[in-house]
Amino acid sequence: MSSPPRHDGGFSSESDYLPSLKKQKVDEEDGESSDCESEQPLPYSLSDSSLPDWDIEEAMEDLYCPVGPGEKKADKAVWDRYFQQIRESEGFDIKDYPGSCPITSIYPMTNYLDTPANVEMLKGYCAKALEQYNTNNGTKYEVDRILKVNEGGCQGFIFYITFSVKNGEDEYFQAKVVEHINKSLEFPIVRPRVKGGLDI
């Protein structure tokens, strides 16, 4: 694949392009014209067929998902499975994670539960989510254990938490917890875990 044109137009020295300044007449909106100086001409024309033929999708992928030292580039099939799993599970079950990059909107927090303070915080969030669920459904579920958590969000945090419960017929629950910048919480999804999801 050829690289996109360089910011300097692809020229190696000043002698490769016309150095002279050009005076141009520029028509303004009111119909009057004024003198305008152009510091240098464009190094190529938009209709120039000699421009490199590069794939915009591949260039965007390289821009948003750079492969760091020692990392292996994820193939398209992994990306397809990742986005399918997010759609089907609404962010709760991700088995195929292509790696960290700006276009991975939800990611597994594999080491987050190693810190007891994080686990306690998430248990508190799930208890509040279950309180909302219990009030709406006449149940008495209580949080047992946090099993896994995925995260997303931009302005604040969005946690996709899978956890076990006590005092009811369902064994596992899922809660989508939105923690806003002002620390207020919202629970757009609180439900028994969807049947047929990926293994916990």
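Predicted model: local features only at pLDDT ≥ 70, side-chain atom pairs only at ≥ 80, totals over all residues.
**Entry 1. Helix H3**

Residues are numbered from 1 along each chain as its sequence is written, and side-chain values use heavy atoms, with hydrogens and water left out.

I wrote down how elements are named: helices (H or I, at least four residues) and strands (E, at least two) are DSSP runs, numbered from the N terminus.

I then checked the length of H3, residues 116-137. Its 22 residues should span 32 Å at 1.5 Å a residue, and the end C-alpha atoms are 31 Å apart, which agrees. The expected span is 1.5 Å times one less than the number of residues.

Which residues of H3 are buried? I listed Asn118, Val119, Leu122, Tyr125, Cys126, Ala129, Leu130, Tyr133 and Asn134. Buried means under 20% relative accessible area, exposed over 50%, and partly exposed in between, with a 1.4 Å probe and protein chains only. An α-helix has 3.6 residues a turn, so residues three or four places apart point the same way. The cover over the buried residues of H3 includes S4, S5, S6 and S7, where contact means heavy atoms within 4.5 Å.

**Entry 2. The whole protein**

I counted three helices and seven strands. Along the sequence the pattern reads β-β-α-α-β-α-β-β-β-β. Of the 200 residues, 30% are buried. Among contacts with a separation of 6 or more, 41% come from residues 24 or more positions apart. The accessible surface is about 13,900 Å², and carbon and sulfur atoms hold 49% of that surface. These areas come from the Shrake-Rupley method with a 1.4 Å probe; for residues, only the protein chains shown count as cover.

**Entry 3. The sheet**

I traced an open sheet of five strands in the order S3-S4-S5-S6-S7, with antiparallel pairing. Two strands pair if DSSP finds at least two bridges between them. The edges are S3 (106-108) and S7 (185-192), each of which pairs on one side only.

I went along the pairs in turn. S4 (residues 142-152) and S5 (residues 157-166) are joined by eight bridges, and Glu151 stands opposite Phe159 in S5. S5 and S6 also run antiparallel, over eight bridges, with Ser164 partnered by Tyr172 in S6. The hairpin of S5 and S6 has five residues between the strands, and Asn167 there takes a positive phi near 70 degrees.

S6 and S7 are antiparallel as well, with six bridges; Glu179 has Leu185 in S7 as its bridge partner. Their hairpin has five residues between the strands, and Lys183 in the turn has a positive phi of about 75 degrees.

How many of the eight residues of S6 are buried? Seven are, so S6 (residues 172-179) is largely enclosed by the rest of the structure.

**Entry 4. Salt bridges**

Side chains of opposite charge can pair when their charged atoms come close. I used the rule that a salt bridge is a side-chain nitrogen of Lys or Arg within 4 Å of a carboxyl oxygen of Asp or Glu. The count by this rule is five.

Asp96 and Arg81 meet at 3.3 Å, N to O. Asp96 is in the loop between helix H2 (76-89) and S3, and Arg81 is in H2, so the pair ties together parts that are 15 residues apart in sequence. Asp96 is buried at 18% relative accessible area, while Arg81 is partly exposed at 34%.

Arg191 and Glu90 form another salt bridge, with the closest N and O atoms 2.5 Å apart. This pair links distant parts of the chain, Arg191 in S7 and Glu90 in the loop between H2 and S3, 101 residues apart. Arg191 is buried at 16%; Glu90 is partly exposed at 40%.

Is Lys183 buried or exposed? Lys183 is exposed, at 58% relative accessible area, whereas Glu179 is buried at 6%.

Last, I noted a network of salt bridges that links Asp93, Lys148 and Arg193.
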